[in-house]
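Biologist: I would like to learn how to read side-chain features in a model. Please take me through a few cases.

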Amino acid sequence: MLFTVTCCENPNTRNDVLPSPSMKGKSKNQNGQTQHHNHSNVAYGITDVPPWYLCIFLGIQHYLTALGGIVAVPLILAKDLCLQHDPLTQSYLISTMFFVSGICTLLQVLLGVRLPILQGGTFAFLAPSLAMLSLPAWKCPEWTLNATQVNVSSPEFTEEWQKRIRELQGAIMVASCVQIFVGFSGLIGFLMRFIGPLTIAPTISLVALPLFDSAGNDAGIHWGISAMTIFLIVLFSQYLKNISVPVPVYGQVKKCHVSKLYLFQIFPVLLGLSISWIMCYVLTVTNVFPSAPSAYGYLARTDTKGSVLSEAPWFRIPYPGQWGLPTISLAGVFGIIAGVISSMVESVGDYYACARLVGAPPPPKHAISRGIGIEGIGCLLAGAWGTGNGTTSYSENVGALGITRVGSRVVIIAAGCVLLLMGIFGKIGAAFATIPSPVIGGMFIVMFGVITAVGISNLQYVDMNSSRNLFVFGFSIYCGLTIPNWVNKNPERIQTGILQLDQVIQVLLTTGMFVGGFLGFVLDNTIPGSQEERGLIAWNRIHEESEENLNVSDVYNFPFGIGTKFCAASWLWHIPFWPKPAHGGEAMEREHHLMEENGQISLGAREKVDTETRM
């Protein structure tokens with residue numbers, strides 16, 4: 001089997017494709033029995049196991065796909081954590097993010113929803129985190145913003161940034177307990193009855209819209225470099241995505257030969273960053289960029305952070321509590337809870353999208369509950385390790401499944417192991433911490449634009465000719481921008497007489513995602529409108545449509561025989577996140593009929609069996 005068949009083929013062209021295991025339609029269920037499926041849209045199905053070398057290659061590819069988002073989160077937080085001039089600590093945060101993302105990916109694939117979904121840092125936590133750090137008590141001192149006054153090795157500076165990240169850690173860990181409860185209690189299924197497209201659209205859109213200021217500041221360091229980065233990413237991802245590049249490959253059938261790789265479609269962000277980075281290096285070496293720190297474009301030089309690579313250790317294992325004991329504030333907890341709600345809504349959508357792409361049946365309620373609960377545990381671990389962020393399912397990697405046509409969860413397990421290794425290898429985080437700011441700013445503009453569009457795309461299920469729906473969406477979005485802007489400029493106007501309550505209100509009202517999502521939720525559920533007009537019928541239909549090519553138990557049950565061979569007590573079936581036995585109702589009904597035929601069932605027993613059959 002050629003690995004380029006699955007990782008290099010254009011999804012729009014399906015010619016000259018060698019048969020793969022799932023194309024042949026065979027896989028084994030948990031009992032070792034061969035089943036026949038028709039995965040016409042994937043080269044490897046979710047239960048298939050590709051060759052080991054293909055697993056490694058595609059695992060690295062998923063790591064590279066998630067790279068932009070994972071690296072972006074610590075870089076955005078750096079300024080508000082007073083780490084703008086400490087790239088070495090930034091590299092530690094990036095490495096910690098890699099390490100925790102690897103752990104959470106393995107937990108999700110093995111014990112969570114069990115779909116091939118990568119876990120990584122979430123943008124949903126950024127808005128409340130930045131809102132909390134903008135409180136007067138947590139604003140960075142002026143001297144930390146001046147590179148000439150910062151001594152990164154001094155105890156005073158270390159305490160300045162560590163006390164801020166400890167505050168974030170405590171808020172994330174407490175808020176993650178809410179997500180754990182909502183997931184494992186099965187409450188997420190009840191909440192989704194009231195959350196439709198008109199709630200999700202403003203919530204996700206306002207995750208990225210308020211970050212325009214941060215993206216603009218980074219890009220404004222040198223607009224020429226930023227514009228080049230934007231141009232390259234757009235060129236590769238939109239104009240050249242169907243252009244193949246010939247590459248030498250080796251396969252068992254054709255041995256050494258040349259195959260097609262759709263390079264620009266798979267790695268547009270990585271290629272854009274790399275070329276811009278190299279260009280900055282050339283302009284630095286040739287002294288085109290100014291050497292005076294106060295001159296425009298100075299921070300586009302690659303030697304301003306050059307010492308990071310030499311100072312960073314080759315290997316560094318992140319550990320819980322590495323920044324000290326977390327602290328907790330009421331304002332931070334409530335703000336992060338708003339981010340948790342947004343993250344849960346987005347993840348449920350990712351589960352359904354992923355199941356459709358890999359030819360799996362729609363995830364049952366117990367799998368969704370388990371997935372959300374495991375994401376909550378992931379956020380708890382992220383808080384304990386001190387990433388300054390939580391974890392969530394990565395939509396970018398769900399999209400990559402449609403490109404590679406490889407839906408095997410073994411590949412995602414390999415990707416989780418790659419993330420773990422990259423988190424331990426300290427030089428990797430240090431390398432990404434040296435990316436010039438205007439290159440990062442250009443990447444942010446593209447990524448935030450895509451996230452905003454993803455939120456708005458949920459409106460395709462809604463009747464946008466309805467004045468009701470236009471009002472709900474438009475009002476929610478506008479308030480989500482206006483109210484946080486006013487509160488940020490007038491924080492002294494919020495005075496209830498209780499300092500903790502003032503901070504909670506300020507954090508919530510400066511989180512546009514919470515304001516817009518809350519208004520969308522209230523208005524959508526209180527203003528009269530039909531199910532079809534609100535988009536709930538089309539929304540539910542999209543979530544339910546899928547070819548049930550695999551048995552649900554083979555995809556979503558626990559591994560290693562848990563729930564079937566071990567821990568198979570009937571009382572466990574009543575736990576919301578525990579998988580239900582396949583065809584349990586039919587089995588009890590057959591037993592009921594046999595007992596009736598043999599005359600061995602009493603009236604009391606008959607009532608009991610009827611009750612169990614209905615259950």
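Biologist: Which ring does the charged end of Arg 316 sit over?

Modeller: A charge sits over a ring if NZ of Lys or CZ of Arg is within 6 Å of the ring centre and within 35 degrees of the ring normal. Here the charged end of Arg 316 is over the ring of Tyr 92, 4.2 Å from its centre. Lys 427 lies over the face of Trp 314, at 5.1 Å from the ring centre. This is a predicted model, in which local features need pLDDT of at least 70 and side-chain atom pairs count only at pLDDT 80 or more, while totals for chains, interfaces and linings use all residues. Residues are numbered from 1 along each chain as its sequence is written, and side-chain values use heavy atoms, with hydrogens and water left out.

Biologist: How many aromatic pairs does a search of the whole structure find?

Modeller: Rings of Phe, Tyr and Trp (its six-membered ring) pair if their centres lie within 6.5 Å; planes under 30 degrees apart count as stacked, over 60 as edge-to-face and the rest as tilted. The search of the whole structure gives 10 aromatic pairs. One of them, Trp 143 with Phe 157, is edge-to-face, with 6.4 Å centre to centre and 65° between the planes. Trp 143 is in the loop between α4 (126-133) and α5 (155-184), and Phe 157 is in helix α5, so this pair ties together parts 14 residues apart in sequence. Helices (H or I, at least four residues) are DSSP runs, numbered from the N terminus.

Biologist: Is Phe 157 buried or exposed?

Modeller: Buried means under 20% relative accessible area, exposed over 50%, and partly exposed in between (1.4 Å probe, protein chains only). Phe 157 has a relative accessible area of 0%, so Phe 157 is buried. Trp 143, at 22%, counts as partly exposed.

Biologist: Which residues are buried in α9?

Modeller: They are Ile 225, Ser 226, Thr 229, Leu 232, Ile 233, Phe 236 and Ser 237. Down the axis of α9, the buried residues fall within an arc of 130°, so they line one face of the helix. That arc is taken from the directions from the helix axis to the C-beta atoms. The face turned away from the buried side of α9 carries the exposed residues Phe 231, Gln 238 and Tyr 239.

Biologist: What is Thr 452 in contact with, leaving aside its neighbours within four places in sequence?

Modeller: Contact means heavy atoms within 4.5 Å. With those neighbours left aside, Thr 452 is in contact with Ser 205, Ala 208 and Leu 209. Thr 452 belongs to helix α18 (residues 437-456) and counts as buried at 12% relative accessibility.

Conventions: Helices (H or I, at least four residues) and strands (E, at least two) are DSSP runs, numbered from the N terminus.
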